[in-house]
Amino acid sequence: METITKTSHGRTLRTEEMVINMGPQHPSTHGVLRLELVVDGEIVIDVIPHIGYLHRCFEKHSEQMTNYQQVIPYVDRMDYVASMNSELSFAIAAEKLLKIQIPERVDYIRVIMCELQRIASHLIAIGTYGIDIGAFTPFLFCFRDRERILDLFEMTCGARLLYNYIWIGGLSHDLPQQFIPTLKEFIVDFRKNIKELNDLLSFNHIFIKRTANIGVLPADVAINYGCSGPMLRGSGVKWDLRKDEPYSVYNKFDFEVCVGKGEVGTLGDCWDRYIVRVDEMEQSLRIIEQAIQTLPEGNVQSAVPKRIRPNPGEAYARAESPRGELGFYIMSDGTGTPYRIKARSPAFVNLSIISEISRGCMIADLCAITGSVDIVLGEVDR
Amino acid sequence: MNMLSLYDYIFYFLAFVVIGSSFVVVFSRNIIYSAFALLFTFFGVAGFYVLLSADFLAITQLLIYVGGILVLLLFGVMLTNKVVDVDIKSSTIKTLPASIISALLAGLLCGIFYVTNWYTVPTNPELLNNTTAIAIGHAFISTWILPFEVASVVLLVAMLGAVIIARREKGPEVN
Amino acid sequence: MIDWILTQFPDSILGYIIICAVPLLFILPYALVTIYLEMKMSAHMQDRVAYMRTGWHGTLQPFADILKLLQKEDIIPTAADKFLFILAPYIVFIGTYATFAVLPFTSSYIGSDLDLGLFYLVAVSSLVVVGILMSGWASNNKWSLFGALRSAAQIVSYEIPTALVLLSIVMIAGTMNMQQLSQLQSGGISDWYIFGGPFPIVKKLLLLPLMFILFLVQLTASMAEVNRTPFDIPEAESELVQGYNTEYSGMKFAIFYLAEYANLFAVSAITVVAFFGGWGSPFGSFMSGGVWDLFWFVLKGMFFVSINIWLRWTLPRLRVDQLMYVSWKVLTPFALVCMILIGYILVAF
Amino acid sequence: MNAITEYFGNITQSLKTISIGMGVTFKHLFTPAVTIQYPTVKMKLPERSRNRLYVNMDDCIGCDQCSKACPVNCIEIEIIKSTPEDDLGITSSGQKKKLHVPVFNIDIAKCCYCGLCVYPCPTECIYMTNVYEFSEFDRNNLIYNFAKMTPAEIETAQIKVKKMDEETAAKKVAAALVAAQAKAALDATTQTSTPQQPTEPQ
């Protein structure tokens with residue numbers, strides 16, 4: 001790392017870069033991520049992410065389960081701030097393998113839950129992003145709203161974080177009676193709160209100055225690296241599995257795919273990724289509103305198989321989680337134990353881009369970039 | 001023997017601080033210690049100015065030497081010194097010529113000290129409470145206006161030079 | 001008041017020591033109140049309630065905090081430079097405490113009635129820089145060093161707009177004495193320099209916008225000098241963990257903390273003296289004199305302390321280069337232009 | 001010119017957005033708090049909330065379904081068969097209990113509160129309660145033992161089963177012997193065969 005620079009007077013200057021570890025216990029690495037930084041003063045020359053501190057052998061563990069149903073609590077723990085979406089992905093993959101049809105009501109409730117979960121997950125992303133930039137208050141405002149979503153989840157399935165709600169072929173419980181009125185109340189309040197959040201953080205000039213033109217990710221680079229979710233949409237690529245490869249009943253709802261427009265800086269900068277998340281919350285509210293209006297009646301457990309023994313074969317299904325494209329590949333050998341499970345986790349793929357977009361930025365910008373990628377280490381390491 | 005007054009105590013205390021910290025500056029093996037010891041030296045000197053009722057000079061000493069020069073010095077030392085690996089050690093070289101020159105200098109200073117006819121004023125509370133700022137201001141603007149202005153031009157040139165040097169580093173480098 | 005203390009201890013160093021300790025009587029309760037205020041204000045801004053258990057609405061919690069810090073194990077990292085590590089918090093506190101010498105708490109009490117009060121304030125705040133650099137270097141932690149270097153660069157840069165603002169005030173008032181500055185503005189709210197000062201109406205109206213700009217400059221620069229959000233980059237917790245005091249614990253940390261809060265009041269007090277009439281009552285001679293002076297001074301000081309707290313819990317943090325941009329390209333030119341205009345106004349009228 | 005507008009635009013924008021933000025936080029200074037004083041005030045848990053597991057041993061028939069459903073193997077069940085003369089009573093749903101359950105341990109420290117054990121239970125005797133404050137200083141205290149049998153009872157049950165097993169084994173041996181003899185008699189005419197060993201019942 002030693003560079004010898006010759007000045008114009010012919011004298012040699014020996015300068016050396018500093019290697020510094022950010023993480024695994026660092027406030028802005030969002031978990032146990034370790035970034036090895038090579039810095040020249042405040043300028044970051046190189047970033048080498050080190051992962052694996054939260055590796056819990058999810059895939060291997062699943063192969064030891066006696067039942068497909070038992071995998072779902074483990075799936076919950078992958079992306080622990082968006083468990084519903086992980087469950088949905090896995091359930092769709094398993095249902096594809098089993099070739100079963102599920103009742104329409106189940107699909108509608110799944111969509112409501114997943115969109116609520118998307119809002120909850122984005123609220124964490126936005127709130128912690130505020131902290132990364134130094135604003136503490138928006139974080140607690142976001143958590144206040146997220147609590148209400150968690151209350152709704154708890155009311156429905158009894159858990160606040162790791163639900164085990166979406167089962168293969170159905171749901172663990174039907175919606176409770178007071179669910180829909182409470183949800184409607186929440187939607188009304190939350191619309192106001194998004195506006196307040198925009199006033200407080202999104203359009204704050206300091207915030208814009210800190211995030212615009214930082215960590216610019218051009219669309220072609222994002223595609224080459226396989227980014228997905230708000231990371232890809234922030235770069236202006238209109239790609240959303242809910243629209244482009246509709247699963248569940250997403251084709252029945254009218255919503256827009258939010259993309260970054262480079263409003264305050266370059267297309268694909270941190271602010272674009274941030275604002276895509278804010279806009280997506282609004283779209284999720286729209287989907288939820290439509291879903292509760294047209295919610296069909298029915299039994300949510302009629303299709304739940306007693307014994308899950310798929311025929312030998314394999315299936316891959318993917319769904320749009322708040323972080324991007326979450327896919328599950330399941331291989332069955334005909335027994336009740338999955339032969340092989342592989343997860344394609346969006347956070348892992350999105351994280352791989354970090355050294356590409358943060359070369360030459362400052363240490364403070366690195367926090368902004370890490371925050372805008374919105375990683376969940378549970379999913380990165382699995 | 002006269003009873004030592006409070007001012008005398010303060011004087012001897014300051015003298016002790018100045019001389020002691022100067023020794024640290026010169027003899028410390030650790031260059032960072034030398035730099036930090038300068039803080040006490042500057043402070044002691046500022047204290048002397050206060051005792052001489054040169055309040056403006058005392059505060060200027062603080063502002064320029066502690067706030068400016070010392071911080072700059074520390075910056076330089078800290079950025080060149082490796083934080084974790086090795087310290088830059090100062091070592092003594094060419095002891096003999098250095099001591100001869102120092103002895104000569106010390107002799108010269110002592111000589112001046114004894115030869116000079118010191119202008120002494122009795123400790124006057126009235127004088128202590130009056131600021132010297134007004135007198136200095138008047139002197140700068142009237143009698144010494146030319147040197148004052150020339151000094152500011154020199155400073156401006158130095159500042160521009162610093163900017164130019166700093167900018168040149170950023171340009172294409174010869175490797 | 002000083003004379004009275006000195007007469008109690010004739011010709012002895014004890015009297016001076018007692019005089020030196022008087023501001024401590026203010027700083028310690030003030031720090032407790034401000035800790036409480038900060039916690040409560042931040043909590044209510046975030047729809048929380050903060051301390052509720054220790055005492056009525058948690059009023060005893062600051063005491064409990066101090067008690068906890070007193071009891072905590074005093075950790076000195078093995079690789080740290082022990083001597084400097086121990087010395088640094090005290091140097092920081094001395095630098096802060098020295099500013100209290102010239103704060104005119106009432107019309108009858110001021111630690112040292114220096115003729116060069118404002119100049120002294122500008123000079124002494126640089127001592128804090130040395131202490132911070134010392135703590136950052138002695139911790140032997142790269143993040144701490146980052147924090148220390150950032151802090152030093154920040155305080156040194158922000159001294160310039162502050163000095164320019166204070167210079168403008170000195171030009172208007174014709175004195176650097178803090179007590180005289182307050183005296184000049186003691187004729188009620190319309191005499192405060194923020195509203196143009198005690199001048200005829202035309203001059204007042206001309207000065208008013210300039211004074212308002214200078215006040216904003218001073219408010220911003222003072223926030224930067226005490227390392228508070230949005231200028232808290234030396235201790236930016238998301239970037240540098242805790243900056244220069246990362247490695248400190250127990251009482252040493254408490255001293256840093258105390259120095260930070262004391263410094264907060266000191267810069268607020270400078271703003272108060274320079275723009276808001278010092279200890280002067282807003283109603284002229286009504287409710288003034290004696291304890292009222294102290295009341296108004298502390299009230300005004302606490303008002304600006306609360307504004308600092310308010311801003312801290314509202315705004316995100318700037319980046320290092322943006323911080324320098326604000327200082328050198330916004331505050332300094334504005335202060336300079338205002339100063340020149342004030343010069344013209346003073347000559348013309 | 002552009003640079004100048006940008007410069008002043010930045011300053012006015014900052015001042016404007018900062019004052020908007022300050023307005024928001026100032027408004028919230030007077031909004032009632034959403035947090036509660038937890039140990040003194042508690043939130044009402046919804047009916048379905050999943051917290052600590054409880055087993056109603058009166059209804060447990062020792063079927064081991066919950067243990068099999070558990071993804072983290074936190075339920076440990078041992079059973080002893082009952083002899084025909086034992087009357088273990090019936091469950092609340094009227095099912096006859098056939099097995100002694102001497103060990104029914106749930107390691108709550110391992111439990112992941114997924115609730116998968118609750119659904120397969122035929123008698124609905126294992127369920128999640130709304131107790132959530134049960135922290136312990138010793139991890140071993142988190143292993144909950146729900147079985148009610150005393151060591152003496154276990155011993156007698158074991159002896160009884162052993163006796164019964166021996167009896168059935170003896171009967172089997174006898175039966176096998178009879179069968180073997182008959183078979184041998186049959187086989188003797190055709191070919192030789194290996195004698196069958198009696199198997200221990202599992």
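Contact is defined here as heavy atoms within 4.5 Å. The model is predicted, so that local features need pLDDT of at least 70 and side-chain atom pairs count only at pLDDT 80 or more, while totals for chains, interfaces and linings use all residues. Residues are numbered from 1 along each chain as its sequence is written, chains are lettered from A and ligands numbered from 1 in the order in which they are written, and side-chain values use heavy atoms, with hydrogens and water left out.

Five pairs of chains are in contact, and among these chains A and C share the most contacts. Chain B and chain D, by contrast, are joined by no contact, their closest C-alpha atoms lying 21 Å apart.

The interface of chain C and chain B draws on 29 residues from chain C and 30 residues from chain B. About 2,600 Å² is buried between the two chains, 84% of it on carbon and sulfur atoms; buried area is the accessible area (1.4 Å probe) that two parts lose on being put together, summed over both. On the side of chain C, the most area is lost to chain B by Leu116(C), Phe119(C) and Trp137(C), which together account for 23% of what that side buries. Helices H2 (13-45), H4 (82-99), H5 (117-124), H6 (126-138) and H7 (142-173) of chain C each supply at least two residues of this side; helices (H or I, at least four residues) and strands (E, at least two) are DSSP runs, numbered from the N terminus. The residues of chain C that touch chain B comprise 23 nonpolar, two polar and four charged, where Ala, Val, Leu, Ile, Met, Phe, Trp, Tyr, Cys and Pro count as nonpolar, Asp, Glu, Lys and Arg as charged, and the others, Gly among them, as polar.

Between chain C and chain B the count of salt bridges is zero, a salt bridge being a side-chain nitrogen of Lys or Arg within 4 Å of a carboxyl oxygen of Asp or Glu. Over all chains, the count comes to 38 salt bridges. One of them joins Arg148(A) and Asp189(A), with the closest N and O atoms 2.8 Å apart. This pair links distant parts of the chain, 41 residues apart: Arg148(A) lies in helix H5 (residues 137-157) and Asp189(A) in helix H6 (residues 179-202) of chain A.

In chain A, three strands form an open antiparallel sheet in the order S8-S9-S10, two strands being paired if DSSP finds at least two bridges between them. Strand S8 (313-321) and S10 of chain A stand at the edges with a single partner strand each, so one side of each is left without a neighbour in the sheet. Six bridges join S9(A) (residues 324-332) to S10(A) (residues 338-344), and Ser332(A) stands opposite Pro338(A). S9(A) and S10(A) form a hairpin with five residues between them, and Gly334(A) in the turn has a positive phi of about 95°.

A sheet of chain D likewise has three strands, in the order S2-S3-S5, with antiparallel pairing. S2(D) is joined to S3(D) (residues 99-107) by six bridges, and Lys81(D) stands opposite Leu99(D) in S3(D).
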